[in-house]
Amino acid sequence: MSALFRFPLLLLLLGFACLELHSQTAIKIGEFASLTGKEAAFGQSSHKGTVLAIETINAAGGVLGRPIELLTEDNQSKPGESTTAVRKLISRDRIVALLGEVASSRSLEAAPIAQGAHIPMVSPSSTNPKVTQIGPYIFRVCFIDPFQGAVLAKFALDTLHARRVGVLSSVSSAYSVGLAKYFRAPYSAAGGTIAIEQKYSEGDKDFKAQLTAIRAADVDAIFVPGYYTEAALIAKQARELGLTVPLFGGDGWEAPELLEIGGTAVDGCYYSTHYSPENPAPVVQRFVKAFQARWGGETPDAMAALGYDSALVLADAIKRAGSTDGARIRDALAATQEFAGVTGTTRMDADRNATKAAVIVEIKDGRFRFLKAVAP
Amino acid sequence: MPRAHQILCVALAACFGVWWFSDRIDPYLLDVITSIGINIILAVSLNLVNGYTGQFSLGHAGFMAIGAYLSGACTIFLGPQWLGPDGGNPWSQGMLFLGALLVGGLSASVAGLLIGIPSLRLKGDYLALVTLGFGEIIRVIFQNTEALGGALGLSPIPAYTNILWTYGFVTLTVFVVVTLTRSTYGRGFLATRDDEIAAEAVGLDTTRYKIVAFVVGAFFAGIAGGLYGHYKQSIYPTGFDFTKSIEIVVMVILGGMGNTLGVILAAILLTALPEVLRPVAEYRMVLYSFLLIVLMLARPQGLFNFRRPGAKPAS
Amino acid sequence: MIEFLQQLLNGLSLGAIYALIALGYTMVYGVLRFINFAHSDVFMVGAFVGYYLGRLVPEGTVWGALVVLAGSMAACAVLGMTIERLAYRPLRGSPTLNVLITAIGVSLLLEYSGQVFFGAAPRNFPPVIPSARISLGGLVLSSNQLIVIFGTCGLMWALRLVVLRTRIGMAMRAVSLNPQAARLVGVNNDVIISFTFGLGSALAGAGGVLYAINYPSIDPLMGVMPGLKAFVCAVLGGIGNIPGAALGGLILGTTETFVGGSSWSTYKDAIAFAVLIVILLVRPGGLLGRPSIEKV
């Protein structure tokens, strides 16, 4: 080809080579989340926290002198999609580690694949114990439902003085079924009585039938271990039926929509979660401000905080491992002791679950108020 | 050996060949190819019911669920006894898997019989809704069965599915469906579809043909469900709902009701397309539904059907 | 006893909503002999239109609520007529299977476009009517429940008036009995069918608003289950029969509520489908319907 073209072409090729070189040096971390679909609220929140963490790490020079590249796949909150997304991330995009997911059922889908490929997986907020039981490459940075159930059982008896509780749980959500199960045992063992148990399905709007039955059972409090979408309506309808007893639930309640939809009905209700933005600890407040600055004034919720911590814990493990080899990262993750994050101190126990404190939030005057922290 | 059987043997040999070299293929691609295979089985089996026999069933995902759950239960609960403490050798694993798949398929066909006998007396819209109802009832039952995991789903199911099993069954399904439709049964199916009253009038037992189509379709849907379960390694009741049935129905309609080759092509297209459209995954279902409407308005015989449009029944 | 009465009341208000949606199904089937799958999604659109209108009008006023209701009904009527014109009219004369598939396509299109445009997360419907609690002995009534019950009765009575007492109602009945004969006596079938769709969709829109007032959490898939259950009601009462839809709504609403309040509450959804199957097998004409003779 003519001499006129050769020089620019060479420059172009060099340019591409440089680009290639740069992208080759980035450490690829995969993330799969429910960015669209029914549980988009949780997935988006978690994703925003993770992105903020990665950006913060990269701004400080990255890990092992290399920037982190976050590759995200959306599973649309649908069952069956996570497997394909994760397979793609592992074999096509060649990630070294995986972050995800918020919902236990979708983590359970992907975990066998990550385990089989020896890719360490860190779930930010799946609380069902089965997730980490899949294999030694699966970790989580949040507490598990047996702990959350015990915390809530203790809370119901000691703080709410509720000796008789009605349980209204969802049959179609793995999270709800699990949390209800892990509440029953400690509550009954400590002397409480589960006066009545009623069920509903995700997407239901009318709970009057179940609430009427609960009303007739004369309970001191109602346990609703479901998601905020139904919890808000349940609270409203309970109040409409004349039930004045408090309702309480788990971390699935955490979303601003709970207040929007529930209105005054959710005042005087409680739920357990992983963190509170009102925590005065400097690390939390710094995180809240950074999140608000990055995402247009939005206050981070527990999912965002856990998404943030999961990325930080993973990056820290890679640094300690000193390499991007899956087995080394896995060992470094398992050895995580006293990692100080925004959701408290993460310490990986023998089952690769984090022993963390839980936070009880009270809803008062239409706002989430931090009530107290419960240590493990 | 009759020609059809020769083709079957060649196809099976080809599957074996592909499987032999399968570890050279990128796992993600393998993933998509396996998905395509499972969807082909689903679409071809539904085509037998909807396309060839004209019975509009919207509950196919229910049969898939039965196959998935029962075959998964077999491998999880009966597997350890059969394989022994060391996990068994590939031969015994293969036997276990085959047994589990057959259990799944046969249970689904029994369900098909039980559902078909009362429902197939109904026509058109009513049948569609009754099959939809049955599909939902099956889902609710599995959701409430704690032994099979309930809402938590059944997991972990051992990953026995690979290209050989999948495409072996694809070949088998297509073989059975095509030979069935070219036999006297096939004439019966088409007669039932084209004009049920006239068929009855000339003495055909249309109920029998409808039930046979339904049961065979359910069997292969159960097999596909079993393959699906051992491939995704975890199954949830919500994964077998109305939406899944609709996805299979779209493949059948896109391919042309009653056109097996068209349906296979449609299954390939509609499985590969979401992967290609991953960046715009949100719009996928919008596109599908739009496609359905446009197809019915412009080309009701389906995209891949190059023969005459579907016959009009007597009004 | 109190609990029984309370559940009965709950069942009535639930059944009233199902009946309202079922009316639309039954009317369209009566005239066109096909099940408009997209009806439940028009119901959803009604709720969303009400959501946007509700943010424009001041909360808690009666005229504001009426504006929201009327606006929703009008918007849904237009939507229904548009769907009929674009998707169903070209297929008149095609095998019913094709129309059924198209209806499913329209339904899915509305649902998934809704998810894309409105987001799948539920939104809070503004409280256009202030909710009051009325206590009668041990029974607790919400004013919303009463509004739903009386609103449904009112709309049904108005519908019956239109169908039985007006000329256009007479034309509708003519088309439903025999389209060709109706055309012979000078009825413009296209106009009548459009009108039927518009009327049915307006009812669905009203149903959407009333539903959203009672259960103020709306999302693009909110119509799926209520729609299916309303269809069961329509079939239960006899499809094509207006009082039948009301009766069906009553029966299904109360049955579902009683099952929901019992220990079998997990099978609440399955009940509706079980009822559908039983009715179609035992008495396909429905409770108030007449068995039709098919002429070959």
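Me: Before we talk about interfaces, what puts two residues in contact here?
Reply: Two residues are in contact if their C-beta atoms, which are placed from the backbone, lie within 7 Å. This is a predicted model, in which local features need pLDDT of at least 70 and side-chain atom pairs count only at pLDDT 80 or more, while totals for chains, interfaces and linings use all residues. Residues are numbered from 1 along each chain as its sequence is written, and chains are lettered from A, with ligands numbered from 1, in the order in which they are written.

Me: OK, how many residues of chain A are in contact with chain B?
Reply: On the chain A side there are 22 residues, in contact with 20 residues of chain B. Helix 3 (81-92), helix 4 (104-116) and helix 7 (174-189) of chain A are the elements that give two or more residues to that side, and helix 3 of chain A has the largest share, 6 residues. Helices here are DSSP runs of H or I with at least four residues, strands are E runs of at least two, and both are numbered from the N terminus.

Me: And what is that side of chain A made of, by class?
Reply: It divides into 7 nonpolar, 10 polar and 5 charged residues, where Ala, Val, Leu, Ile, Met, Phe, Trp, Tyr, Cys and Pro count as nonpolar, Asp, Glu, Lys and Arg as charged, and the others, Gly among them, as polar.

Me: What about chain B against chain C?
Reply: There, 32 residues of chain B are in contact with 33 residues of chain C. Helix 5, helix 10 (242-255) and helix 12 (284-298) of chain B each supply at least two residues of the chain B side, with helix 5 of chain B giving the most, 10 residues. By class, the side of chain B that touches chain C has 23 nonpolar, 5 polar and 4 charged residues.

Me: Switching to the core, which residues touch the most other members?
Reply: In the largest nonpolar core, which has 327 residues, they are Ala43(B) and Ala47(C). Helix 1 (residues 2-32) of chain C gives the most to this core, with 17 residues. A nonpolar core is a set of buried Ala, Val, Leu, Ile, Met, Phe, Trp, Tyr and Cys residues joined through C-beta atoms within 7 Å. A residue is buried if 20 or more other C-beta atoms lie within 10 Å of its own, exposed if 12 or fewer, and partly exposed in between.

Me: What does Ala47(C) contact?
Reply: Leaving aside its neighbours within four places in sequence, Ala47(C) is in contact with Phe125(C), Gly208(C), Val209(C), Tyr211(C), Ala212(C), Ile218(C) and Met222(C).

Me: Is Leu270(B) buried or exposed?
Reply: Leu270(B), found in helix 11 (residues 260-276) of chain B, is buried, with 21 other C-beta atoms within 10 Å. Beyond its neighbours within four places in sequence, Leu270(B) has contacts with Val250(B), Met251(B) and Leu254(B).

Me: And where is Gly149(B)?
Reply: Gly149(B) lies in the loop between helix 5 (124-143) and helix 6 (163-181) of chain B, and is buried, with 24 other C-beta atoms within 10 Å.

Me: Last one, which element of chain C has the lowest mean pLDDT?
Reply: That is strand 3 (residues 139-142) of chain C, at 79, whereas helix 2 (residues 39-54) of chain C has the highest, 93; pLDDT is the predictor's confidence in each residue, from 0 to 100. The mean for chain C is 86, with 98% of its residues at 70 or more, and the predictor gives the complex an ipTM of 0.81 and a pTM of 0.85.
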